[in-house]
Amino acid sequence: IGRGSDSPRGFPFTRRSICGHFGRVFCHGKTNPMGNPIPGEQSAARARISRFYSSQAWIEGRAEDQLAQVAAWPGMVAVAGFPDLHPGRFGPVGAAFLADRIWPQLVGPDIGCGMALWRLDLPRHRLKIDKAVRRLAVMDGGADPEDAARALADAGLEGLIAADGLGSIGGGNHFCEVQAVEEVSNPEATALRPGDLCLLVHSGSRGRGAQIFEGLDDSWKQGYAADSAAAGRYLALHDAAMVWARLNRALIAGLAAEALSCEASLICDSVHNQVVAQDGLWLHRKGAAGADQGLVPLAGSRDAPSYLVSVPDLVPEALGSVSHGAGRRYDRASMHGRMRKAKSDLAALTRNRFGGRVVCEDRDLLMEEAGPAYKNPESVLRDLADFSLAQPIARLVPLITFKTAGRAAAGDAE
């Protein structure tokens, strides 16, 4: 099965064969203003929904409703939901969708958002956390404008998309995290060993993707026919934002490594917001990772471990995708009512149970992205393993989660 735009293998289904493979079922659900077709323009037959989570998984009913709604959109062929599934603005997050047309809302504003894992050549005993926290504060400034412009030109994007914001993390759930390898369960699959340090970067196209999305005409609400001029314009901008986002993660990692006086080597970079062509159909991922050389980072939270996982033989119904992280348990607004706001309570949120630090001077973001906002990554990984979608390679714990040393930028959430 194909594994995204980098895959050496194509997706083996045509629209006719995949419809025959999955069949059709009717799923309940009402339309709502999340960018789906207006009432009356839903498909008469609905795509089958494949769910890759157990009955014990924490899945909101609203996310299930959104899966059913998207399955009824015109041209939808197959839908896959993963254990990190949660409701989104334009559709569920933690899902993949195969259709005969292009639905920009299923990618969302943060085109190209993904996670990249880097190995640092810094020994664990040399990392002084308090000192590292101070030195990482330079990351708030992003990449040097000349370096950013040069990198953009080298990537072939000069004149297509602005360099502003390159090398910056952004707000929402984005971060740059120094992690320690705690356990390696498959030493043959990686050079990582317990005690090694890594860097996990989660960011996307920042304001560039949002500008692309907001600049679309209203016809995106009904999906773009693949051969339409509108689809061609969107895909050209989408692909530029994809390159920009990968470049952004690389520059963030470079800034962090320079601040820590070490070198960083890429292990994998996996995109989870994208649309790619697959044998005449269009595979959309929203908060669902496509494998990069068979490896995917599975992010936990600032108070929970992350994992490097292998994606072996992906089952067809999974649409070449897996979970990208633990997924939200509670939305940002509700976290304000769940968290204590005393000074001592907020101070406690800047530490984690592994003895690590959280750098986030944005008070709202500190509460909204607290550990309890997220599902248990171990439960997510267990479901993925039970469905033969992924196997753990290494377990990593957060030592420094850097979000912002000042005020975080808005508008970057999923």
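The largest cavity holds about 230 Å³ of space. A cavity here is a set of points on a 1 Å grid over the protein atoms alone where a 1.4 Å probe fits but cannot get out, and its volume is the space filled by probe spheres set on the points, joined across faces, edges and corners. You're looking at a predicted model: local features need pLDDT of at least 70, side-chain atom pairs count only at pLDDT 80 or more, and totals for chains, interfaces and linings use all residues. Numbering starts from 1 along each chain as its sequence is written, and side-chain values use heavy atoms, with hydrogens and water left out.

Start by selecting N173, F175, G300, S301 and Y374: of the 20 lining residues (an atom within 4 Å of a point), these are the closest to the centre of the largest cavity.

Last stop: N352. Is N352 buried or exposed? It's buried, with a relative accessible area of 9% (buried means under 20%, 1.4 Å probe, protein chains only). Show its side chain: a polar atom there lies 2.8 Å from the backbone nitrogen of F354, and the side chain also reaches the backbone nitrogen of G356 at 2.7 Å.

Terms used:
On a 1 Å grid over the protein atoms alone, a cavity is a set of points where a 1.4 Å probe fits but cannot get out, and a pocket is an open set with protein on both sides within 12 Å along at least five of seven lines; lining residues have an atom within 4 Å of a point. Buried means under 20% relative accessible area, exposed over 50%, partly exposed in between (1.4 Å probe, protein chains only). A polar contact is a pair of N or O atoms within 3.5 Å; within protein, one must be able to donate a hydrogen and the other to accept it, and residues adjacent in sequence count only if both atoms are side-chain atoms.
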